[in-house]
Amino acid sequence: MKVDIGLDKALDYCLKTFGKEAQLIKAIEELSELIQILAVDLLQESSIDREEKIAKELADVKIMVQQLDLVYPYLNEEMYNKKRLELILKTKSKIPWRCSDDGD
Ligand SMILES: [Mg+2]
């Protein structure tokens, strides 16, 4: 169940107020921050503090991905679902064991 916390309206406000360019820069910034904390996690022992940072950066990125849906509304759901399915099938084809659709 999706809980409405007003995020969609907030993201729409941000896009209308700050504009596409600013929101794209923000998306790049958030993606970069997630990349950085994941790289640190690879190089150092995990810690609760780092897990909290990863959770924060992952939340930032997920929110910005929602923002990108508003920036590129013409990338329709059908096109997105087609690309997603292609990637899932490509990934499954690379796995030595085969994933079956009936849960085996
Ligand atoms: Mg961030």
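Visitor: Which hand does the crossing of H1 and H3 have?

Guide: The crossing of H1 and H3 is right-handed, where a crossing counts as right-handed if the near helix is turned clockwise from the far one by less than a right angle, and left-handed if anticlockwise. The model is a predicted one, in which local features need pLDDT of at least 70 and side-chain atom pairs count only at pLDDT 80 or more, while totals for chains, interfaces and linings use all residues. Residues are numbered from 1 along each chain as its sequence is written.

Visitor: What describes two packed helices?

Guide: Two packed helices are described by the angle between their axes and the distance between the axes. Here the axes of H1 and H3 come within 10 Å and cross at roughly 60 degrees; axes are lines fitted to C-alpha atoms, for helices over the stretch in contact, and angles run from 0 to 180 degrees between N-to-C directions. H1 and H3 are therefore oblique to each other, given that angles under 35 degrees count as roughly parallel, over 145 as roughly antiparallel, 65 to 115 as roughly perpendicular and the rest as oblique.

Visitor: Which residues make the contact of H1 with H3?

Guide: On the H1 side they are Leu 7, Leu 11, Asp 12, Cys 14 and Leu 15, and on the H3 side Gln 66, Gln 67, Leu 70 and Val 71, with contact meaning that the C-beta atoms of two residues, placed from the backbone, lie within 7 Å. By class, this contact of H1 with H3 has six nonpolar, two polar and one charged residues; Ala, Val, Leu, Ile, Met, Phe, Trp, Tyr, Cys and Pro count as nonpolar, Asp, Glu, Lys and Arg as charged, and the others, Gly among them, as polar.

Visitor: At what angle do the axes of H1 and H2 cross?

Guide: The axes of H1 and H2 cross at roughly 120 degrees and come within 6 Å, which makes H1 oblique to H2. In this contact Cys 14, Leu 15 and Phe 18 of H1 meet Lys 20, Ala 22 and Gln 23 of H2. Just after H1, Gly 19 takes a positive phi of about 90 degrees.

Visitor: How do H2 and H3 lie to each other, roughly parallel or roughly antiparallel?

Guide: The axes of H2 (residues 20–43) and H3 (residues 48–71) come within 9 Å and cross at roughly 150 degrees, and the two helices are therefore roughly antiparallel. H2 passes H3 in a left-handed crossing, and the residues of their contact divide into 12 nonpolar, two polar and nine charged.

Visitor: How many residues of H2 are buried?

Guide: Of its 24 residues the number buried is one, so H2 lies largely in the open; a residue is buried if 20 or more other C-beta atoms lie within 10 Å of its own, exposed if 12 or fewer, and partly exposed in between, with C-beta atoms placed from the backbone. H1 is hardly covered, with a buried count of zero among its 12 residues, and H4 is hardly covered too, with zero among its 18 residues. Over the chain, buried residues make up 3% of the 104 residues.

Visitor: How many helices and strands does the chain have?

Guide: The chain has four helices and zero strands, where helices (H or I, at least four residues) and strands (E, at least two) are DSSP runs, numbered from the N terminus.
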